[in-house]
Amino acid sequence: MKDEISSHLQEADIILLLISANFLESKYLSSSELDEAMKRHKDNQARVIPVLIRPVLYEDLPFENLQPLPKNRLPISQWPNIDAAFTEVSKGIREAAEYILEQRGIQQDEDKGEIYKKFFREKVTGDRDISPVVRRALD
């Protein structure tokens, strides 16, 4: 399992940290995987994005200087409308994906939405089968 996680971290273009008390108490926080993710972010090989799920103090942690999502720093659990919170998170992830594509020199004359969908579909689903509901959402 650890080798599989390391392999995915090496291939990932976007690494989401789902920030909550559970995450802060997990082994992941002190693991070499987080160190590797942060190193890849620093070296511009991947984008690490903290996603604030529940209110926590995350100062003095390796990702404290990264721009979290939602951008207003209000944890998702504190939003009056959870759907609006996830929409903001999705927009932020989309911006990160578009930035990565731009850095790689992907042709901009293609439909950006189609490029994003293809990129997202490949990264999220890989070779795995996905449900028809998820497939419709990705299309």
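Modeller: The side chain of H41 reaches the backbone nitrogen of V48 at 2.9 Å. This is a predicted model, in which local features need pLDDT of at least 70 and side-chain atom pairs count only at pLDDT 80 or more, while totals for chains, interfaces and linings use all residues. Residues are numbered from 1 along each chain as its sequence is written, and side-chain values use heavy atoms, with hydrogens and water left out.

Biologist: How do you know that the buried residues of α3 line one face of the helix?

Modeller: In α3, the buried residues are E33, L34, A37, M38, R40 and H41. Seen down the axis, they fall within an arc of 160°, so they line one face. The arc is that of the directions from the helix axis to the C-beta atoms. As background, an α-helix has 3.6 residues a turn, so residues three or four places apart point the same way.

Biologist: Why is Y58 called buried?

Modeller: Buried means under 20% relative accessible area, exposed over 50%, and partly exposed in between (1.4 Å probe, protein chains only). Y58 has 10%, so Y58 is buried. F63, at 0%, counts as buried too, and S20 is buried with 12%.

Biologist: What makes S6 partly exposed?

Modeller: S6 has a relative accessible area of 32%, so the label is partly exposed. S6 belongs to helix α1 (residues 2–11). The C-alpha atoms of S6 and E36 are 8.7 Å apart in space, although the two residues are 30 apart in sequence.

Biologist: Why is the pair of Y58 and F63 called stacked?

Modeller: Rings of Phe, Tyr and Trp (its six-membered ring) pair if their centres lie within 6.5 Å; planes under 30 degrees apart count as stacked, over 60 as edge-to-face and the rest as tilted. Y58 and F63 are 6.0 Å apart, centre to centre, with 25° between the planes. The structure holds 2 aromatic pairs, and F23, Y58 and F63 form one aromatic cluster.

Biologist: Which residues have the most contacts inside the largest nonpolar core?

Modeller: They are I15, L17, I19, M38, V48 and F63, in a core of 16 residues. The elements giving two or more residues to this core are β1 (14–19), α3 (32–42) and β2 (47–52). A second, separate core of 9 residues includes I76, V89, I93 and A96.

Biologist: What makes such a set a nonpolar core?

Modeller: The members are buried Ala, Val, Leu, Ile, Met, Phe, Trp, Tyr and Cys residues joined through side-chain atoms within 4.5 Å. Beyond its neighbours within four places in sequence, I19 is in contact with P50, V51, L52, I53, R54, V56 and F63.

Biologist: Why is N44 called exposed?

Modeller: N44 has a relative accessible area of 66%, so N44 lies over the 50% cut-off. N44 is in the loop between α3 and β2, and its phi is positive, near 60°, in a residue other than glycine.

Biologist: What makes D60 exposed?

Modeller: D60 is at 72% relative accessibility, so the label is exposed. D60 sits in the loop between β2 and α4 and has a positive phi of about 65° although it is not a glycine.

Biologist: Where is the cis peptide bond?

Modeller: It joins L69 and P70, with omega about -10°. P70 is in the loop between β2 and α4 (82–103).

Notes
Helix = DSSP H or I, 4+ residues; strand = E, 2+ residues; numbered from the N terminus. Contact = heavy atoms within 4.5 Å. Polar contact = N/O pair within 3.5 Å; in protein donor to acceptor, adjacent residues only side chain to side chain.
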